[in-house]
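Okay, thanks everyone, let's get going.

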Amino acid sequence: ESARPAQLDLAGRRVVVTAGGTREPLDPVRFLGNRSSGRQGVALAEAAAARGADVVLIAAHLEIAAPAGIELREVSTALQLQEAAALASADADIVIMAAAVADYRPVEVSEGKIKKDERGDSMTLELVRNPDILAGLAAAKKPGQVVVGFAAETEPDKAAQLELGRRKIARKGADLLVLNRVGWTEGFATERNEITVLDHAADIVLEAAGSKLSVAHRILDVIAERLS
Ligand code: CTP
Ligand code: CA
């Protein structure tokens, strides 16, 4: 998009973006995953780089190519993403958790391929909760750092969705929360997005719709205002 005037308002700023969806292995050939394409996170990384930032993109199974001119760190599981995010965030000005992180992982990962004959007609997977990476990053936040979360909700009612977002940002301790609605067809593999951004006081600070790149720039406008 060329509609945006060239501006380097993030020059010299270090930005960490996580994007994509984590995968939790069950055995050497299977995993539990999600439908995040990584498009909104990649758009944020691209937009931040275009505004002069030094960008680290922590990428979990992106469906699209990562933009040029950014540092890419590829991860697979939630625990790997946590480690990479903690490392990269230590000296970051902005941390954006756009990745869809698996809430649970299998308690056991089978050494060999799980065989039907050994399991019978039904099988139960035992899962354990993954750490909340965003809450951890927000708790470890350095002075002046801006920490941003995402919340993809399937709730169709706007007011109810906002209420979920309000509770979520309070729980996470992030500075900003980007809310969007997802469903069987909306949100994930699309080029467009429609978002609402809440601040720490749970006030709406932005509503935007458009291409994921234009939405990314609007989100960065809000973040840039909060940088010291
Ligand atoms: N997130 C995270 N670590 C997790 C789960 C989520 O850092 N283990 C981050 C996501 O990257 C996102 C934000 O938290 O920025 C909100 O994710 P979401 O799945 O909407 O919230 P949850 O707290 O997992 O709640 P739930 O899925 O039950 O709605
Ligand atoms: Ca979740």
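So, strand 9 gives the largest share of the shell around ligand 1, 4 residues. Quick housekeeping: this is a predicted model, with pLDDT of at least 70 needed for local features and 80 or more for side-chain atom pairs, while totals for chains, interfaces and linings use all residues. Residues count from 1 along each chain as written, chains are lettered from A and ligands numbered from 1 in written order, and side-chain values use heavy atoms, leaving out hydrogens and water.

Back to the shell. Helix 4 (133-139), strand 9 (146-153) and helix 5 (158-172) each bring at least two residues; helices are DSSP runs of H or I with at least four residues, strands runs of E with at least two, numbered from the N terminus. In total 15 residues surround ligand 1, Met-97 and Lys-168 being among the closest, where near means a heavy atom within 4 Å.

Now polar contacts, meaning N or O pairs within 3.5 Å. A ligand 1 oxygen is 2.7 Å from a polar backbone atom of Met-97, and a nitrogen of ligand 1 is 2.8 Å from one of Pro-131. Another one to look at is Asp-103: a side-chain N or O atom there is 3.0 Å from a ligand 1 oxygen.

And where does Asp-103 sit? In the loop between strand 6 (94-97) and strand 7 (104-106).

Terms used
A polar contact is a pair of N or O atoms within 3.5 Å; within protein, one must be able to donate a hydrogen and the other to accept it, and residues adjacent in sequence count only if both atoms are side-chain atoms.
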